[in-house]
Amino acid sequence: MTFLILVVFVLGLLIGSFLNCLIWRLHEDETILGRSYCPSCHHQLAWYDNIPLLSYSFLGGKCRYCHKKISIQYPAVELATGLLFALAFWVEASAMAIVPAFGANPFNFIFSPFSLFLLKDWFIIAVMMVVFIYDLRWYMILDKVTLPAMLVVIAFNLYFEFVLEYPLLTWRNWLISGIIGCSFFLMQFVATKGKGIGGGDLRLGLLMGLALGLPKLFVAIMLAYLVGAIVGLSLMAAGKKEWGSKLPLGVFLAPATVFALFYGEQIWQLLFPSIY
Ligand SMILES: [Zn+2]
């Protein structure tokens with residue numbers, strides 16, 4: 001298990017490195033094909049400039065060619081993706097360990113169709129990583145990220161229910177959850193006349209609903225607003241933000257989605273044991 005977690009962590013580092021590249025190319029409107037390059041001097045990077053975490057530390061956080069500082073975003077996204085991929089593996093493999101057919105051997109899980117549960121988790125983590133960084137840097141949630149992601153999530157949901165016949169979420173659940181996720185933000189969109197909430201938030205709400213289902217969606221929204229309020233008030237107290245100035249909502253919704261994906265059920269049971 002320890003060895004597998006390490007392998008998964010390294011895989012997550014590589015995917016994180018890919019996500020950094022993807023985020024930049026989405027912003028520059030480029031294809032994801034082609035060699036990676038330094039965003040400041042556009043010098044092409046060699047494979048040894050591109051090793052997750054290691055290249056950054058080895059080069060002292062500076063480009064080998066132009067010596068400009070490399071954003072801390074690069075190693076941070078790699079590390080966070082690596083850790084979250086490992087966490088997802090651990091959570092899914094532990095859940096499967098209680099199914100007698102799989103037993104405690106994680107290999108039985110990996111080579112079963114149920115490992116697609118893990119793939120869905122990884123996919124959601126990757127998408128939310130992109131949403132988080134993009135919204136943090138450029139205050140925008142891209143439709144070309146959220147819309148294709150919805151299709152993939154729906155395909156996963158349908159596959160689990162009708163092919164694997166092991167519905168993590170029934171179609172009624174994720175459909176209602178999606179509608180709730182979208183209309184929750186739609187109500188605010190209408191109430192604030194589009195000032196507090198953007199259209200991108202609506203689509204993200206829909207994606208969250210489809211991906212999480214109920215009751216995890218409720219946990220994600222509550223958590224995002226709670227953390228958002230705390231961060232907003234702290235920034236105001238520190239004099240960095242004015243009352244009523246905007247905080248990008250995706251920055252709170254994306255991590256809350258990943259958290260709820262893993263721990264949503266438990267939190268919901270703690271909060272509302274009687275409804276569960
Ligand atoms: Zn450079």
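This is a predicted model: local features need pLDDT of at least 70, side-chain atom pairs count only at pLDDT 80 or more; totals for chains, interfaces and linings use all residues.
Biologist: What radius of gyration does the protein chain have, next to that of a compact globule?

Modeller: The C-alpha atoms fill a box of roughly 60 × 50 × 35 Å along the principal axes. For 276 residues, a compact globule would come out near 19 Å. The chain agrees with that, as its radius of gyration is 20 Å.

Biologist: Among contacts between residues at least 6 apart in sequence, what share joins residues at least 24 apart?

Modeller: A word on burial to begin with: buried residues make up 38% of the 276 residues. As for the contacts you ask about, the share that joins residues at least 24 apart is 69%.

Biologist: Are helices α5 and α6 roughly parallel or roughly antiparallel?

Modeller: Helix α5 covers residues 115-138 and helix α6 covers residues 143-163. Their axes come within 11 Å and cross at roughly 170 degrees. Angles over 145 degrees count as roughly antiparallel, so α5 and α6 are roughly antiparallel.

Biologist: Which residues of α6 make the contact with α5, and how many of the contact residues are charged?

Modeller: The crossing of these two helices is left-handed. From α5 come Lys120, Phe123, Val127, Val130 and Val131, and from α6 come Val145, Ala149, Val152 and Phe156. By class, the contact has 8 nonpolar and no polar residues, and the charged ones number 1.

Biologist: How do α6 and α8 run, roughly parallel or roughly antiparallel?

Modeller: Helix α8 spans residues 199-212, and its axis comes within 9 Å of that of α6. The two axes cross at roughly 20 degrees, and the crossing is left-handed. Angles under 35 degrees count as roughly parallel, so α6 and α8 are roughly parallel.

Biologist: How many nonpolar residues are there in the contact of α6 with α8?

Modeller: On the α6 side you will find Asp143, Thr146, Leu147, Ala149, Met150, Val153 and Ile154. On the α8 side they meet Gly200, Arg203, Leu204, Leu206, Leu207, Leu210 and Ala211. By class there are 2 polar and 2 charged residues, and the nonpolar ones number 10.

Biologist: At what angle do α1 and α5 pack, and what is that arrangement called?

Modeller: Helix α1 takes in residues 2-28, and its axis is 10 Å from that of α5. The packing angle is about 45 degrees. That angle makes α1 oblique to α5.

Biologist: What classes of residue make up the contact of α1 with α5?

Modeller: The crossing here is right-handed. Helix α1 brings Ile15, Leu19, Leu22, Ile23, Leu26 and His27, while α5 brings Ala126, Met129, Val130, Ile133, Tyr134 and Trp138. By class, they divide into 11 nonpolar, 1 polar and no charged.

Biologist: Which two residues does a cis peptide bond join?

Modeller: Look at the loop between α8 and α9, where Pro215 has its place. The omega value of the bond is about 0 degrees. The residues joined are Leu214 and Pro215.

Biologist: Is His67 buried or exposed?

Modeller: His67 is in the loop between α2 (54-58) and α3 (73-97). Its phi is near 60 degrees, a positive value in a residue other than glycine. Within 10 Å there are 11 other C-beta atoms, and a residue with 12 or fewer counts as exposed, so His67 is exposed.

Biologist: What is the phi of Glu165?

Modeller: Glu165 belongs to the loop between α6 and α7 (171-191). It counts as exposed because there are 7 C-beta neighbours inside 10 Å. Phi of Glu165 is positive, in a residue other than glycine, and lies near 55 degrees.

Biologist: How far apart in space are Lys246 and Ile197?

Modeller: Lys246 is in the loop between α9 (216-237) and α10 (250-271). With 12 C-beta neighbours inside 10 Å, Lys246 counts as exposed. Lys246 and Ile197 are 49 residues apart in sequence, and their C-alpha to C-alpha distance is 9.3 Å.

Methods:
Residues are numbered from 1 along each chain as its sequence is written. Axes are lines fitted to C-alpha atoms, for helices over the stretch in contact, and angles run from 0 to 180 degrees between N-to-C directions. Helices (H or I, at least four residues) and strands (E, at least two) are DSSP runs, numbered from the N terminus. Angles under 35 degrees count as roughly parallel, over 145 as roughly antiparallel, 65 to 115 as roughly perpendicular and the rest as oblique. A crossing is left-handed if the near helix is turned anticlockwise from the far one by less than a right angle, and right-handed if clockwise. Two residues are in contact if their C-beta atoms, placed from the backbone, lie within 7 Å. Ala, Val, Leu, Ile, Met, Phe, Trp, Tyr, Cys and Pro count as nonpolar, Asp, Glu, Lys and Arg as charged, and the others, Gly among them, as polar. The radius of gyration is taken over C-alpha atoms; the globule rule is 2.2 Å times the number of residues to the power 0.38. A residue is buried if 20 or more other C-beta atoms lie within 10 Å of its own, exposed if 12 or fewer, and partly exposed in between; C-beta atoms are placed from the backbone.
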